[in-house]
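Look at the structure, then read on.

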Amino acid sequence: MRVFMLGWEFPPYISGGLGTACHGLTKAMDELGLDVTFVLPKPLDENASGHVKILSPRQCKQTQTYRNPDQIHEVERNDDFTHTTFHEIPSLLQPYITPEYYQQKIETIVRERTVDYIREAGGETAVDEWYQMIADIDIEPTGAGQYGGDMYTEAHRYAASAVRLAMQEDFDVIHAHDWMTYPAAIAVASVTGKPLVVHVHSTEFDRSGEHVNQMIYNIENRGMHAANKIIAVSDLTRNIIISRYGVLGEKVEVVYNGVEQNGESRMAFDHVGISNDEKIVLFLGRITMQKGPEYFLMAARKVLEKVDNVKFVIAGTGDMMHRIIEMAAQMGIGHKVLFTGFLRGKDLEKVYQMADLYVMPSVSEPFGIAPLEALNHDVPVLISKQSGVAEVLTHVLKVDFWDVNEMANKIIAVLKYPPLQLTLREHGNFEVRRLKWAGAAEKCKQIYQEMVQHV
Amino acid sequence: MASVCFYFQVHQPFRLRHYTVFDHTPRYFDEFKNASICRKVASKCYLPSNRLLLEVIRRYEGQFKIAYSITGVVLEQFQKYCPEVMSTFDALAETGCVEFLGETYHHSLSFLYSHSEFIEQINQHTELIRKLYGQTPRVFRNTELIYSNALAETIEKTGRFDAIIAEGADHVLGHRNSNFVYRPSNCDRLKLLLKNYSLSDDIAFRFSNHDWPEFPLTADKFAGWVNRVNGNGQCVNLFMDYETFGEHQWEDTGIFDFMEHLPAEVLKHPDNNFMTPGELVDTYDAVDVVDVPHIISWADTERDLSAWLGNAMQSNALHEVYKIEKLIKQTQNEELLADWRRLQTSDHFYYMCTKYFADGDVHKYFNPYESPYDSYINFMNVLGNLRQRCDQSFSKNKKSLSKTS
């Protein structure tokens, strides 16, 4: 079974759960012996912190053999993959960005690239080539409201490249992760006639509430209807797909995410500037409407009415960051709320080790891998009932995101009663060990097999 | 001779209402939920079962006998929420074929934590049974059949009971079986009645199980198993939750028909009869001493305390409850004492059990909480408030004292 997989981010350079999920899933598929060709949009900005880029030499070496003139890189990774090949297509695609940010980003990239390019190559020919490149990137000086057009172009550039690549590959099924890859997936499917699975990790309704971006909704809708099968990450998401996108229930299967076991055990801390008798409640995720950071703050204020030796750590960035910082100040709890920015690697390990409780107050969370990682690091978790992961976890605390009173009640209980924390940690860590990617990969394989038989 | 001895456990806890750390009102119990569960179980189980057994007792004119152990907390709820259940128990008591057993009024685990509280609750229960049914309980059963040598010694020392009931666990019986009257270790007078868990569970758990090879269980088949005890035992102790009839086994499983026809089938054999626990004690001598140095119970397959004391939350909650015993009693405030005692009911700790939580099973039955963690948080918040009230009561007393002096 050969799988042509279209994704948009991959560790170590990720901005959210999607990259983690793609990594875990493909790794498990690899172990199952499925041949996966993984196609990624490669962002041009190599200094960016929040998304895929050319993988660093230590972890993989680039073969430098361009598969076609359109600069599709075949990337060789020397870590755990044996049946998987990676292709990166230059593109500006990034998950989780706003129109304004997107516009600004393109301009920066173009500017920086120009300078670098001229410096490296030197001479007039380089300038000519650069102009050519600008034309390729196809940016018109646009005002607000043109964002859709730009994204659309980008998605189609990715699609065109993916089709060109697909023509040279041999595979049985196409598997596409989330809306940015759907145009490419539809194009590949129509050119090759192979069955298509779209994997829905989140929908526009999760990200934007009722204020959906019509263009994104349309792409999602088209992708779901073009697909032979849809994989939803939870029943919650499955219900949205059925009710909001008008897809038949029989077409949608639920495959829960897993978690990779890599948590380190907790250590004593006295070197991190927060005293040991001070408790830490952690929010870790993008600071956006979807993740419910304001409910976290409202609960924090209530907690501080009863408990004093506690700090609330908000780890992540996002478009609501400034609003949330201001909100904390207005509530008069600014000194109790710490913002760390986006964390990864050692810093991430450290913040998990310090935390007494991880809180995910998401307004709408299709799945939510982060709580699994917290459990993996021996941190008890409190999650909103409006999350897919609540369907698979039992040894956690659950609360409706809007019920800040109850959220505070439970946070206080964890801080106040060590036996609660102990029991949650023990059982939670045990439970999370059972949620493996292998199970998810196995289920995907079954879905592929059914589809191939049908076609 | 095989004497069939039925004892039914009747109990409902006072469930707590949702209580956050921000709540201050000193009302802890969920009136609405308790009333509706009590009425629901009454209509499905208590009322139809009582009516049926009353009829069967009358039909057999003294040959069919049964025993109940009814907790004080469920009797309070019957009086409050469904008094018609009270009158059917009255009628049963008047037949003379029904014995009432003694236990802790609050269905508590007090034996494990406080000797004085344990004795007080037994006395409270004995008084209530005497007042309601004109009987003084002479056979004792501890909450969830929790039992050990130490418990038997304590009960013998009260001088008020002739026998005690326990689970007929294989590991304490060894090669022996539960169909005899025994004596607990270190006891001179007290007798020990052991539950025949195999035949009891055939009715209580397996009756409607289609995968069970013996399904369907009929009255004559069951009577045949009872007959087999003849020659290798004196009694068949069938101890079970009363909610077996109509609630655990729904009416449409045929459980009521089974009970209606069982006496006739059992009595077909001339050597069989029905006895209450007290009659067993009067009729049969203890044949051997059973040594139970470690605590046993009738719960789950483990037959131990792990359903109430299996994790850190449970042991912490229990410890915290009994830690304030002195404080509560010093206040001499009846309301505080009553609230504190209702918090001792074992169900509160059972709800905190994490043992089979992920699998979803019998432990979820009637559990008012979404998770064991929620139940612990709720319980600890209530206990925190109760403690505060104790402290306030003291400072008030001090103030009034200083005013008078």
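This is a predicted model. Start with its largest nonpolar core, which holds 228 residues. A:Ala162, A:Ala185, A:Leu282 and A:Ile411 touch the most other members. Helix H13 of chain A, residues 404-416, gives the most to this core: eight residues.

Next, the meeting of the two chains. Here 18 residues of chain A are in contact with 16 residues of chain B. On the side of chain A, strand S15, H13 and helix H14 each give two or more residues. H14(A) gives the most, with seven residues. By class, this side of chain A has eight nonpolar, five polar and five charged residues.

Now turn to a helix pair within chain B. Helix H1(B) and helix H3(B) pack with their axes 10 Å apart, at an angle of about 20°. That angle is under 35 degrees, so H1(B) is roughly parallel to H3(B). Their crossing is left-handed. The table lists the residues that meet.

| Helix | Residue range | Residues in the contact |
|---|---|---|
| H1(B) | 31-59 | B:Ala42, B:Tyr46, B:Leu47, B:Asn50, B:Arg51, B:Leu53, B:Leu54 |
| H3(B) | 83-94 | B:Glu84, B:Val85, B:Thr88, B:Phe89, B:Ala91, B:Leu92 |

What classes do the residues of this contact of H1(B) with H3(B) divide into? Nine are nonpolar, two are polar and two are charged.

How values were computed. Residues numbered from 1 in each chain as written. Chains lettered and ligands numbered in written order. Predicted model: local features only at pLDDT ≥ 70, side-chain atom pairs only at ≥ 80, totals over all residues. Axes fitted to C-alpha atoms, helices over the stretch in contact; angles between N-to-C directions. Helix = DSSP H or I, 4+ residues; strand = E, 2+ residues; numbered from the N terminus. Parallel < 35°, antiparallel > 145°, perpendicular 65-115°, else oblique. Left-handed = near helix turned anticlockwise from the far one by under 90°. Contact = placed C-beta atoms within 7 Å. Nonpolar A, V, L, I, M, F, W, Y, C, P; charged D, E, K, R; others polar. Core = buried A, V, L, I, M, F, W, Y, C linked by C-beta atoms within 7 Å. Buried ≥ 20, exposed ≤ 12 C-beta atoms within 10 Å, placed from the backbone.
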